[in-house]
Amino acid sequence: MQEIQSLIGGFEVALSWFNLVLMLAGITLGVIIGVLPGLGGANGVAILLPLTFSMAQQPGGQTSAIILLSCIYWGALFGGAITSVLFNIPGEPWSVATTFDGYPLAQKGRAGAALTASFTSSFFGALVGVLLITFLSPVVARFALRFGPPEFFSVYLLTFCAFVGMSKGSPFKTIAAMMLGFALAAVGIDTVTGQLRLTFGLTSLLKGFDFLIAVIGLFGIGEILLTIEEGLEFRGARAKLNLKVVLETWKELPRYWKTSLRSATVGCLMGIVPGGATPASFMSYGLAKKMSKDGPKFGTGVVEGVVAPETAAHAAGTSALLPMITLGVPGSPTAAVLLGGLLIWGLQPGPLLFTEKPDFVWGLIASMYLGNIAGLIVVLTCVPLFASILRVPFAIIAPVILVICAIGAYTVHNSMFDVYMMVVFGVMGYVFKKLDYPMAPLVLALVLGDNAENGFRQSMLLSGGDMRIFYSNGLVGTITTLSLLLLFWPLISRLIGRVRGRGGAA
Amino acid sequence: MQHDTQGKAFGSVRAWETVVALLFLVFGAGVMFDSWRIGARWGDDGPQAGYFPFYIGLFIVISAVMILVNALRMGREEGGEAFVSRGQLRMVLTVLIPTVVYVILIDNPWYPLGIYVPSAIFIAAFMRFLGKYGWLRTALVSLGVMLVFFMMFEIWFQVPLPKGPLEAAFGYA
């Protein structure tokens, strides 16, 4: 087993004192970020990314930097559960399903049990996801080594079409948001011809838009504006989490092994597809409700109803990193920010990463195991501390978060123009959220825009402008067909529904 | 647009859907226009610079039109719903306007203050006027937070942030 050997090598990298300290720091910061309104995985990592620039220049520093950032991501995933259970505020979209049973449990005075169950199942889901990454990603990477420009473009196409197919809202809004991302990515100097595009004579636009600024504005400022709408108060349940509660809940958990396994499977499958974490959590909650003996009791506060969505969300959140490191296609906004980080540090994510930087890849994978273990310990022991952060009045927290966002936006390029843009993106994020425009496809398009365009251009050069290149062999043809199916899925499913409806009426 | 069934609403969902769709339409058209200007066809050596963005613009225009059509066809209930109530809007503006002022204070062509002083004022203003804290606590928290940030960025991580006359007086520029 070559993977096991590489993994042991990875553990040797990850298990240095410096990296362990970074891991703990990352997890703690991540949980705080996940708990605070207006800061989530994506913009938390985006704000802290500039701090790693100097770290990444030292030997071995790239691995340390990715360990720090990915641990912030795990921490944020754990932190989302705390706010869902105690405050009925889902920190991230995929925590919404956790509130269904988590908050009723807390109101019944079983907040400790709900938190223990959600942390433990998060951990289990993440573990399954990491196992998948460990054994599947080398295979995918080896396979993808044979990819040419048309294959890569078709994978990008699949990524973006998946957003349209999986979105619950209007497909046109998804397309509009996504294309806005592509258009913003095109602003500035065209790398191939050197021509200026879409700058409309403004010199500040020469450098183009950085997606980090968009992430900080859309998710950070936009979220604060949304939160403030509801007023300044947070009311939350108190959490008592001691060893006895933890052990009692752990004794109860093995009973739900079927739900756990099913949710982890759903999570992993959906997580590889972009935008999959949120549908995965809802889907596995729905499945658990249908298949469990206690199904009718779901929603009134049962532990199983917390296990299902949390396992799936974390399995999905973790496996979202698989396409990022193997293909360079992130599965979620946070994965996109991590990908942006790799690019800034001078690494090219994709199949070559496994052969050129094995230390980095396996160090990262090993840190996923360690980070999740560390995360479980940190959240189980420090819940009261983290919950108390949410009790800091909004009148203090809100301006501090806004200041942090402004500093984060400035440090990306040391440019004040970016800070102004951040505010603009913030207002945009607020309006988009209110009108149900999805933001994940916008961010992903902004990150991948240049790569997707290059893939397209190179394919067109190869074929001399013939679109049939996307059907030139079995592989690329399959991916393209799948993409088109997903793209038109809203239309297809409506047609199927209509045909069925008519059949029922007759 | 519907009038006054909601009383205190600031625009209906339909109105705002329409406005945003129109903005998308204008933006998409702008993208198409500019891409066409720099060449959106097939050049001697492959696709021209505007080729890809031109179609992006086209997709924006198409989806904007569809969103617009959907918005105009919205039912009375869905479309007439309040986009944001006046009370909510007031809360949003009490955050948004100070934020804009804050960013302008940091850097403007006339008298840039740097990031630290405006941040302290910003936090203090929030605490004093929204949180109704006493002056002492307000001063302690706002100055304390900025001191921590100053130590963190200027001294530990050595990431220089914009500085103004006050920092210059202490020898940091």
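## Domains of chain B

The centres of domain 1 of chain B and domain 2 of chain B, taken over C-alpha atoms, are separated by 38 Å. Domain 1 covers 13-80 and domain 2 covers 86-169, with bounds that come from an automatic or database domain assignment.

The model is predicted, with pLDDT of at least 70 needed for local features and 80 or more for side-chain atom pairs to count, while totals for chains, interfaces and linings use all residues. Residues are numbered from 1 along each chain as its sequence is written, and chains are lettered from A and ligands numbered from 1 in the order in which they are written.

## Where the chains meet

In chain A, 49 residues are in contact with 49 residues of chain B (C-beta atoms, placed from the backbone, within 7 Å). On the side of chain A that touches chain B, H18(A) gives the most, with eleven residues; helices here are DSSP runs of H or I, at least four residues, numbered from the N terminus.

## H18(A) against H5(B)

The axes of H18(A) and helix H5 (residues 116-130) of chain B come within 9 Å and cross at roughly 160 degrees (axes are lines fitted to C-alpha atoms over the stretch in contact, and angles run from 0 to 180 degrees between N-to-C directions). H18(A) is therefore roughly antiparallel to H5(B), a term for angles over 145 degrees. Among the residues making this contact are Val400(A) and Val403(A) of H18(A), together with Phe122(B) and Phe126(B) of H5(B).

Definitions and conventions:
Contact = placed C-beta atoms within 7 Å. Helix = DSSP H or I, 4+ residues; strand = E, 2+ residues; numbered from the N terminus. Parallel < 35°, antiparallel > 145°, perpendicular 65-115°, else oblique.
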